[in-house]
Amino acid sequence: MKKIEAIIRKTKFEEVKEALLEADIEWFSYTEVRGVGKARQDRIYRGVLYGTDVIERLMLTIVVRNQNAEKTVKAILSSARTGEVGDGRIFVSDVIDSFSIRTGDSGETTLFTTDAK
């Protein structure tokens, strides 16, 4: 299994969500995050001056079977890209195991939603 963490622009969330659903990724979590970027410039948005050193983004966390990792990354890359500095990052790491708290099951089967028993 692979854990994919993607830091994306908030404005691209709906596009990324739709791309993941089209790639048959049915579940993921996300949180609001802040980071410090290398670019240090001021931008004006709706008449207000903003510094770009602290960046507000969303972090998506997705755990998939190994065979779904590539299509998941491709879906995020294609839908989150604007071509500008600050589009984000994707990190892929190995997952040793996963467990269902409700059933006690472990392994890849915990990645699938099943009917409640």
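Visitor: Which residues are buried in helix 1?
Guide: In helix 1, Phe-13, Val-16, Ala-19 and Leu-20 are buried. They sit on the same side of helix 1, because they cover an arc of only 130° around the axis. The arc is that of the directions from the helix axis to the C-beta atoms. Buried means under 20% relative accessible area, exposed means over 50%, and partly exposed is in between, with a 1.4 Å probe and protein chains only. Helices (H or I, at least four residues) and strands (E, at least two) are DSSP runs, numbered from the N terminus.

Visitor: Where do these coordinates come from?
Guide: This is a predicted model; local features need pLDDT of at least 70, side-chain atom pairs count only at pLDDT 80 or more, and totals for chains, interfaces and linings use all residues. Residues are numbered from 1 along each chain as its sequence is written, and side-chain values use heavy atoms, with hydrogens and water left out.

Visitor: Why would buried residues line up along a helix?
Guide: An α-helix has 3.6 residues a turn, so residues three or four places apart point the same way.

Visitor: What follows helix 1?
Guide: Asp-24 follows helix 1, and its phi is positive, near 65°. Asp-24 is not a glycine, yet it has that positive phi. It belongs to the loop between helix 1 and strand 2.

Visitor: Is Asp-24 buried or exposed?
Guide: Asp-24 is exposed, with a relative accessible area of 58%.

Visitor: Back up. What's the overall layout?
Guide: The protein has 2 helices and 6 strands. Along the sequence the pattern reads β-α-β-β-β-β-α-β. Of the 117 residues, 28% are buried.

Visitor: And the contacts, how far apart in sequence?
Guide: Contact means heavy atoms within 4.5 Å. Among contacts with a separation of 6 or more, 70% join residues 24 or more positions apart.

Visitor: What's in the largest nonpolar core?
Guide: It has 19 residues. Those with the most contacts inside it are Ile-4, Ile-8, Val-16, Leu-20, Leu-60, Ile-62 and Ile-76. Strand 1 (2-9), helix 1 (13-22), strand 5 (54-64) and helix 2 (69-80) each give two or more residues to this core. The largest share, 5 residues, comes from helix 2. By definition, a nonpolar core is a set of buried Ala, Val, Leu, Ile, Met, Phe, Trp, Tyr and Cys residues joined through side-chain atoms within 4.5 Å.

Visitor: What does Ile-76 touch?
Guide: Setting aside neighbours within four places in sequence, Ile-76 is in contact with Ile-4, Ala-6, Ile-8, Val-16, Leu-20, Ile-62 and Ile-90.

Visitor: Which residues of helix 2 are buried?
Guide: Ala-69, Thr-72, Val-73, Ala-75, Ile-76, Ser-79 and Ala-80 are buried in helix 2. They lie on the same side of helix 2, because their arc around the axis is only 160°. On the other side of helix 2, Glu-70, Lys-74 and Ser-78 are exposed.

Visitor: What about the span of helix 2?
Guide: Its 12 residues should span 16 Å at 1.5 Å a residue, and its end C-alpha atoms are 16 Å apart, which agrees. The expected span is 1.5 Å times one less than the number of residues.

Visitor: New topic. How many aromatic pairs?
Guide: The count comes to 2 aromatic pairs. The rings of Phe-13 and Phe-28 have centres 6.3 Å apart and planes at 65°, so this pair is edge-to-face. Phe-13 lies in helix 1 and Phe-28 in the loop between helix 1 and strand 2 (29-36), so the pair ties together parts 15 residues apart in sequence. Phe-13 and Tyr-30 form a tilted pair, 4.6 Å centre to centre with 45° between the planes. Tyr-30 is in strand 2, so this pair ties together parts 17 residues apart in sequence.

Visitor: What's the rule for a pair?
Guide: Rings of Phe, Tyr and Trp (its six-membered ring) pair if their centres lie within 6.5 Å; planes under 30 degrees apart count as stacked, over 60 as edge-to-face and the rest as tilted.

Visitor: How buried or exposed are those rings' residues?
Guide: Phe-13 and Phe-28 are buried. Tyr-30 counts as partly exposed, at 46% relative accessibility. Phe-13, Phe-28 and Tyr-30 form one aromatic cluster.

Visitor: Last one. Where is Lys-12?
Guide: Lys-12 is in the loop between strand 1 and helix 1. It is buried, with a relative accessible area of 11%. Not counting residues up to four places away in sequence, Lys-12 touches Ser-79, Ala-80, Arg-81 and Thr-82.
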